[in-house]
Amino acid sequence: MRNIWTIARREYKLYFISPVAYVVAFLFMLILGWFFYSAMRGAIAQAAFQPYAPSIQVVISPMVTLLLFTMPAITMRLLSEEARMGTLELLLTAPIKDYELIVGKWLGGFMFMLTLLAITWVFPIALNFMVEPGIDQGPLVTGYLGLILMVAALVGIGVGISSLFTNQIAAFFVSLAVVLLFWLVSPESSTTGGLGTQIMTYMNFIDHYLSFYRGTIDLSDVIYYLSLTSVGLFLGTVSIEIRRWR
């Protein structure tokens, strides 16, 4: 556990000296702020004709889409940069296990994204002051819980894919393609019925967030995101083991 935490702290600190992380975080907050401003402006305009109280969904809804495009940029360097610079070989000679390296990298990226999610709380807080008697706390809590699970899965996928490449750009586009595949897959994309449709339905990344979005928690959705996280970490561990024995 000490090795995992040491690697995680190192990765977390590296994000704060990386210009890419700052640019991605800035654009994320800027776009989210623009959506929030537009929603508030629309609510004020509509209030002149009919009473309207915006909910927390005006913040969460665009954030889900932004995360899908943000995560590949955040995770692309985690292992591919180490491989490109030759420092991965040094890490492999250190007294750490392969899974400790992968989990440490994942935890560092996950903590950075948790920091970014924490900053976005400025929007729910502002919304709570703007709406009487305040926003519904249930969807706020479940919505952010779902976002945390989603981020965990996205970082896991990103770490696994980053371990396969020595080029950050390649890792970015492959991660983005995989995320879009899970986002766009739907029962309509299946040409078969029955089991094929059920599999397509279960694979959809966004459908599993709907229960959190609506203010409820479904255990199957929690298991789905945790399973994706585990698959990504397993892929990364296997990839590192293969590199070690080449």
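Colleague: Which residues does Thr 237 touch, not counting residues up to four places away in sequence?
Modeller: Thr 237 touches Asp 98, Tyr 99 and Ile 102, where contact means heavy atoms within 4.5 Å. Keep in mind that this is a predicted model, where local features need pLDDT of at least 70, side-chain atom pairs count only at pLDDT 80 or more, and totals for chains, interfaces and linings use all residues. Residues are numbered from 1 along each chain as its sequence is written, and side-chain values use heavy atoms, with hydrogens and water left out.

Colleague: OK, and where does Thr 237 lie?
Modeller: In helix α12. Helices (H or I, at least four residues) and strands (E, at least two) are DSSP runs, numbered from the N terminus.

Colleague: Is Thr 237 buried or exposed?
Modeller: Thr 237 counts as buried, because its relative accessibility is 14%. The cut-offs are under 20% relative accessible area for buried, over 50% for exposed, and partly exposed in between (1.4 Å probe, protein chains only).

Colleague: What does the side chain of Thr 237 reach?
Modeller: The backbone oxygen of Leu 233, at 2.8 Å. That's a polar contact, meaning a pair of N or O atoms within 3.5 Å; within protein, one must be able to donate a hydrogen and the other to accept it, and residues adjacent in sequence count only if both atoms are side-chain atoms.

Colleague: What about Ser 227, where does that one lie?
Modeller: Also in α12, which covers residues 219-244. Ser 227 counts as partly exposed because its relative accessibility is 34%.

Colleague: Let's zoom out. How many helices and strands are there in the protein?
Modeller: 12 helices and zero strands. From the N terminus on, the elements run α-α-α-α-α-α-α-α-α-α-α-α.

Colleague: How many of the residues count as buried?
Modeller: 48% of the 246 residues. As for contacts with a separation of 6 or more, 76% of them are between residues 24 or more positions apart.

Colleague: Now the core. How many residues has the largest nonpolar core?
Modeller: The largest nonpolar core has 70 residues, and Met 113, Phe 205 and Tyr 225 have the most contacts inside it. The elements giving two or more residues to this core are α1, α2 (19-47), α3 (57-75), α6 (98-119), α7 (122-130), α8 (137-162), α9 (168-184) and α12. α8 gives the most, with 13 residues. By definition, a nonpolar core is a set of buried Ala, Val, Leu, Ile, Met, Phe, Trp, Tyr and Cys residues joined through side-chain atoms within 4.5 Å.

Colleague: What is Met 113 in contact with?
Modeller: Leaving aside its neighbours within four places in sequence, Met 113 is in contact with Leu 67, Met 71, Ile 74, Val 151 and Val 155.

Colleague: And Gly 109, buried or exposed?
Modeller: Gly 109 is buried, because its relative accessible area is 0%. Its place is in helix α6. Beyond its neighbours within four places in sequence, Gly 109 is in contact with Tyr 15 and Val 155. The C-alpha atoms of Gly 109 and Ala 8 are separated by 7.8 Å, though these residues are 101 residues apart along the chain.

Colleague: What about Ile 7, which helix is it found in?
Modeller: Helix α1. Ile 7 is buried, with a relative accessible area of 10%. Neighbours within four places aside, Ile 7 is in contact with Ile 96, Glu 100, Leu 101, Gly 104 and Lys 105.

Colleague: New topic: which residues lie nearest the centre of the largest pocket?
Modeller: Leu 14, Arg 77, Glu 81, Met 85 and Gln 168, out of 13 lining residues. On a 1 Å grid over the protein atoms alone, a pocket is an open set of points where a 1.4 Å probe fits, with protein on both sides within 12 Å along at least five of seven lines; lining residues have an atom within 4 Å of a point.

Colleague: Which element gives the most to the lining of that pocket?
Modeller: α4, with three residues. α1 (2-15) and α4 (80-85) each supply at least two.
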